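Let's take a walk through this structure together, one region at a time. Have the sequence and the coordinates open as you read.

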Amino acid sequence: MSIADAPKTPPGSAPGSPGTGITRRQVWGLFWLVLAALFIWLVFADWPDWVKNILLSKKAFLSACLNGLTLAGLYFLVASGFTLVFGLMRNVNLAHGSLYLLGAYIGYEIADRTGYWLLGVLGAFLILSVVGLLMQVVVFRRLEGDDLRQTLVTIGISIIAADLMLAVWTGGTYQILIPDWLAGAIKLPIVTAVRSNGSIVLLSYPFFRLVVLALAIVIGIGLWLMLNKTRVGMMIRAGVDDREMLSASGTNVHLIFAVVFAIGAGLAGLAGVIGGSALSVAPGEDVRYLLASLVVVIVGGMGSITGAAIGALIIGLAEQIGLVYFPTYGVVLTFVIMVVTLAIRPQGIMGKSQ
Amino acid sequence: MNADVTQNPATPARNLLARIGTGHLVLAALLLAYPLVSSDFFLTQIGGYSLIFGMLALSLSLLAGYGGMVSLAQISFAGVAGYTVAIFGENNSNILGFGWPWWLVMPLALFFAATSSALIGWVSVRTEGIYTIMITLAVATAAFYFVRQNYTLFNGFPGYTGLRAPIVFGVNFRDPVPFYYMCLVAATLSYAAVLYAARSTFGLTLQAIRDNPRRMRAIGFDVTAHKVVAWFYAGLIAGLAGVLLVWFNGRISPGTINVAAAINVLIIAVIGGLKHPIGPFVGAVMVVLMQTFAIDIVGAERFNTLIGVFFLAIVFFSPDGILGLWGQLRQRLAQEDLRSRQ
């Protein structure tokens, strides 16, 4: 992390700190520095044979990494809403996957009928925001302070939602068509191989997936700015830390709750359209993205946007790299990451201990 | 239901009967006589199936009601037991199937189920309250995707077929009546064990931990150990139900332990009521009856909507499930009684 610390880190060569040698922070700094260097080398170097023996081909490895990053972007979009809602309201919204799937279907319908993909994205975000708002005002406000019942209600909603969506859109698989200006593949300035005649082969990658990644980063930064630089964001963060205190100091917490729920549900809907365009829409996706949100938030820490980003990165990369290198045990990797996190740091990487 | 121990004990036999309580005796008599009046369909598809799912829900209710830990992974532990039966016993999927006898496979299945339950419990008790639901749901989902993906151990999507209940001393437990009685014995044992454990020192400590873990820790109780032991017991019951379930179905596949099944167990427990161990069985009978006969009313496709609405109604209007409704009714009747006396 801290590059400035790195030169001091070799053990024994730190005259300034007597006795104990290097600090824990410096060890971690060195660890991340070495890891980053290793990764940069893997990306840009011409792979020697022994690396190929371990990691198959450079193209497979880099594609897995890029796919992992894209998936991480998608997971982040879904999980950020989930983590905000949980952090603020202590409401485990197990219907979050249903919001994702509903967003995907709505986006598909709008894009299919109007012909404008962006309209689909926007429509899904707005409609799902309203759905989230209604859920908060009509259902969850009535059960405030009863975590278990709120969670049970979300389970009931997810069952009914899944069944009704199956009735409307049947069991088929949909693909949301992306506009031409987003389609196609582009060449990245990364050499994957050198042909015998000396010409180089560049890594080509679907443009849309890079757009997904960029969008996730932009939205992530936007959320961070909103949470850290605006008044509403300040109230939300205060609510995550101590809901009663925020309420006692004269803030209308129910308004804040409604805003956060609307943003969270809207983001899930937006992610649905993007996921439905990059991958596909089918029944059962709700469970998949619910699982992803759960694991991302457990690993990253509840109520933290940064934690959701870190968790999404870890889980997205683990899933895709696992898919390439040990296909039948890929899920176990995700599971192991979750268990190890819980064992070492039960509140998650960025979570605050209660 | 809870019959108190009589103050001045008469003969030991009468004492025992009093401890069991008239309600239980009547119930036991009815359940024992059930095969006399019911058809084979009602015996296995309703009776046996309800008892199995009642046990699954009971294992959840043990954790949730006495330990305050709502687990969605009980079906996964049943799946561990079921797959153990398939892998170590006989199956006709031509994969693995070591052909061990039932008296060896069954304890092994229970052991694996209970151990995995304790393991997941140990992981999830590191966090508190509502986190348990999230962690166990993640575990259940991951378990489902894993067995569906993995062909070397779990035979992937098709799973294992040809799993049959054993023939013991000439009694064929595949037949409806013996199978029903086997389920009844297993369910009664689990039920009695939970009822007994709830009043034991361990059970009381567990309930105290549920109510105030910090205080219990301060007094000197090992909070984590008590919770993990509760998970172990819950895993035993879930494993027993899992073994019966594979014998009932004759097969096990990822579909048996998917998320819908995990949530089904929770629905049964909540509909029945988490306050008393009879609740899960009441809930199981309700849900199984609905599953069997609601198809005639709403059609097979929209069954989930029906059960979802029913579940929501229970959560909203009677948090303690059907048992809670019964309690409310009794209270109102008692009030009416008082009023009429005035």
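A60(A) sits in helix α3 of chain A, where helices (H or I, at least four residues) and strands (E, at least two) are DSSP runs, numbered from the N terminus. Its C-alpha lies 7.6 Å from that of V324(A), although 264 residues separate A60(A) and V324(A) in sequence.

Before going further, a word on the ground rules. This is a predicted model, in which local features need pLDDT of at least 70 and side-chain atom pairs count only at pLDDT 80 or more, while totals for chains, interfaces and linings use all residues. Residues are numbered from 1 along each chain as its sequence is written, chains are lettered from A and ligands numbered from 1 in the order in which they are written, and side-chain values use heavy atoms, with hydrogens and water left out.

Now turn to the place where the two chains meet. Chain A contributes 45 residues to the contact and chain B contributes 39 residues, contact meaning heavy atoms within 4.5 Å. The size of an interface is often given as the accessible area lost when the parts come together. Here chain A and chain B bury about 3,600 Å² between them, with 79% of it on carbon and sulfur atoms; this buried area is the accessible area (1.4 Å probe) that two parts lose on being put together, summed over both. On the chain A side, L152(A), D163(A) and V331(A) lose the most area to chain B, together 15% of what that side buries.

Which elements of chain A give two or more residues to the side that touches chain B? They are α3 (58-89), α6 (147-169), α11 (285-300) and α13 (330-344) of chain A. The largest share, 15 residues, comes from α6(A). Sorted by class, this side of chain A has 34 nonpolar, six polar and five charged residues, where Ala, Val, Leu, Ile, Met, Phe, Trp, Tyr, Cys and Pro count as nonpolar, Asp, Glu, Lys and Arg as charged, and the others, Gly among them, as polar.

How many salt bridges cross the interface of chain A and chain B? The rule finds zero, a salt bridge being a side-chain nitrogen of Lys or Arg within 4 Å of a carboxyl oxygen of Asp or Glu. Three residue pairs, both residues at pLDDT 80 or more, are in polar contact across this interface. A polar contact is a pair of N or O atoms within 3.5 Å; within protein, one must be able to donate a hydrogen and the other to accept it, and residues adjacent in sequence count only if both atoms are side-chain atoms.

Over all chains, the count comes to three salt bridges. One of them joins the side chains of E109(A) and R113(A), at 3.0 Å from N to O. Both residues lie in helix α4 (residues 96-114) of chain A, four residues apart, about one turn of the helix. E109(A) is partly exposed at 21%, whereas R113(A) is exposed at 69%. E319(A) and R288(A) form another, their closest N and O atoms being 3.8 Å apart. Because E319(A) belongs to helix α12 (residues 305-325) and R288(A) to helix α11 of chain A, this pair ties together parts that are 31 residues apart in sequence. In chain B, D211(B) and R210(B) meet in a salt bridge of 3.0 Å, N to O.

Finally, look inside. A nonpolar core is a set of buried Ala, Val, Leu, Ile, Met, Phe, Trp, Tyr and Cys residues joined through side-chain atoms within 4.5 Å. Of the 196 residues in the largest such core, I155(A), M55(B), M134(B) and W247(B) touch the most other members. Apart from it lies another core, of 13 residues, including C65(A) and L203(A).

S71(B) is buried, with a relative accessible area of 0%. Its side chain reaches the backbone nitrogen of A73(B) at 3.1 Å and makes a polar contact of 2.7 Å with the side chain of Q74(B).

Note on methods: Buried < 20%, exposed > 50% of the residue type's maximum accessible area, 1.4 Å probe, protein only.
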